[in-house]
Amino acid sequence: MSAAHRKPRQRSLTGPTARTAATLALASAATATALDGAAHADPRLTPSQVKAKVDRLYQEAEKATEKYNGAQEKADKAEKKLGSLRDEAARRTDRLNTQREALGSAAAAQYRTGALDPAVQLVLSSDPARYLDNAALADRLGTRQASAVGRVQRELRQIEQLRSEADGRLAELRKRQGELKKQKKAVTGKLAEAKRLLDQLPAAERAGVGDTGAADRASRSDSSRDMPSGALPKAPDSRTAAAIAYAYDALGSPYVWGATGPNAFDCSGLTQAAYRSAGISLPRTTYSQINAGPRIPRSQLQPGDLVFFYSGISHVGLYIGGGKMIHAPNPSAPVRIAPIDQMPFAGATRVA
């Protein structure tokens, strides 16, 4: 092998050279670790900063949850519509098969006479699509039969088109659901981080921040102390009274994403369940519930009205009078009684 093609022999590092290289490598690794740690180090937040972060994350999470609930509701409706389309297609196919059997009887008679019409051969085909798509059939059949076949053909084609459209809508909604789940997961991660920061505060500072984990996890009996005169508020009618009674009975129940009872709720899930118990059907989300009845000025609120908060209409509670409501706040607190002025008021609706 010529000298030009020889690989240069690598020299191993020994002695001072090796020690120098090792020192440089360790220093480089330490620097990288320090920089990485600095990049991910949590700044020391004040109690007020922690509270602001927690409040913001709860609101973001609730917005995402309401959008997810809306997408779920639409997906459920799309699935029901798709099911009804498939049922109708099956019924019409049965009718078509009955007509084919009648035509098959005519074919048998023609076969016995030795005059099996090519069009009737198509009738006996096991593939209805080919049978219906063959335009020559209509020319060879009688007017009545051609009309019936044409009608069924149009119906089946329309059903296939509607089913295709429904499948497309459902796929789009499920894709949207997936995106919302990712968003919800991301927000939940932020909530966990905020809770970790909150838990690092001393107990006194945590209470000052407004940690509702201890103070607001009231039992049903504790919350009942807020009842006027130890009884349910006076409602304008029996259905409203039933909804309010349900909400009182739910006091102390945990907040759970997407829950509509009977043992856990999110904010719109609670109001929906309360009025469902009274025989009134409400939409699933805050964005829809605010349009479930006439808007009511804040000055004219009465027990049973739905009260909404934030500019995005992302939170709802059930008004019980005296400037208070029952609502499902967030994951840090159960269903409870709270003043309506603790959040930015966005509007009210009367549904009963």
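Reader: In the hairpin of strand 2 and strand 3, which residue takes a positive phi?
Author: Gly322 does, with phi near 65°, and the hairpin has two residues between the strands. This is a predicted model, in which local features need pLDDT of at least 70 and side-chain atom pairs count only at pLDDT 80 or more, while totals for chains, interfaces and linings use all residues. Residues are numbered from 1 along each chain as its sequence is written, and side-chain values use heavy atoms, with hydrogens and water left out.

Reader: How many bridges join strand 2 to strand 3?
Author: Three, between strand 2 (residues 315–321) and strand 3 (residues 324–327), which run antiparallel. Helices (H or I, at least four residues) and strands (E, at least two) are DSSP runs, numbered from the N terminus, and two strands pair if DSSP finds at least two bridges between them. Leu318 has Ile326 of strand 3 as its bridge partner.

Reader: And what joins strand 3 to strand 4?
Author: Four bridges, and these strands also run antiparallel, with strand 4 covering residues 336–339. Met325 stands opposite Ala338 of strand 4.

Reader: Switching to charges. How many salt bridges are there?
Author: Three. A salt bridge here is a side-chain nitrogen of Lys or Arg within 4 Å of a carboxyl oxygen of Asp or Glu.

Reader: Where does Arg284 sit, and where is Asp266?
Author: Their side chains meet in a salt bridge of 2.9 Å, N to O. Arg284 lies in the loop between helix 11 (267–276) and helix 12 (286–289), and Asp266 in the loop between helix 10 (238–249) and helix 11, so the pair ties together parts that are 18 residues apart in sequence.

Reader: Are Arg284 and Asp266 buried or exposed?
Author: Both are buried, where buried means under 20% relative accessible area, exposed over 50% and partly exposed in between (1.4 Å probe, protein chains only).

Reader: What else does the side chain of Arg284 join in a polar contact?
Author: The side chain of Ser268, at 2.8 Å. A polar contact is a pair of N or O atoms within 3.5 Å; within protein, one must be able to donate a hydrogen and the other to accept it, and residues adjacent in sequence count only if both atoms are side-chain atoms. Ser268 lies in helix 11 and counts as buried because its relative accessibility is 0%. Beyond four places in sequence, Ser268 touches residues including Glu66, Asn69 and Gln289, a contact being heavy atoms within 4.5 Å.

Reader: How many residues of helix 11 are buried?
Author: Nine of its 10, so the helix is mostly covered.

Reader: What about the salt bridge of Arg350?
Author: Arg350 pairs with Asp305, the closest N and O atoms being 2.9 Å apart. That pair links distant parts of the chain, 45 residues apart: Arg350 is in the segment after strand 5 (345–349), and Asp305 in the loop between helix 12 and strand 1 (306–309). Asp305 counts as buried because its relative accessibility is 1%.

Reader: And which residue does Arg56 pair with?
Author: Glu60, with the closest N and O atoms 4.0 Å apart. Both lie in helix 2 (residues 47–112), four residues apart, about one turn of the helix. Arg56 counts as partly exposed because its relative accessibility is 43%, and Glu60 counts as partly exposed at 30%.

Reader: Which elements give two or more residues to the largest nonpolar core?
Author: That core has 28 residues, and those touching the most other members include Tyr248, Phe265, Tyr275 and Leu306. The elements are helix 10, helix 11, strand 1 and strand 2, and helix 11 gives the largest share, five residues. A nonpolar core is a set of buried Ala, Val, Leu, Ile, Met, Phe, Trp, Tyr and Cys residues joined through side-chain atoms within 4.5 Å.

Reader: What is phi of Tyr310?
Author: Near 75°, a positive value in a residue other than glycine. Tyr310 lies in the loop between strand 1 and strand 2.

Reader: Last one. Where does pLDDT stay under 50?
Author: Over residues 1–41, among other places, pLDDT being the predictor's confidence in each residue, from 0 to 100. Residues 210–226 also stay under 50. Where pLDDT is low, the predicted coordinates should not be read in detail.
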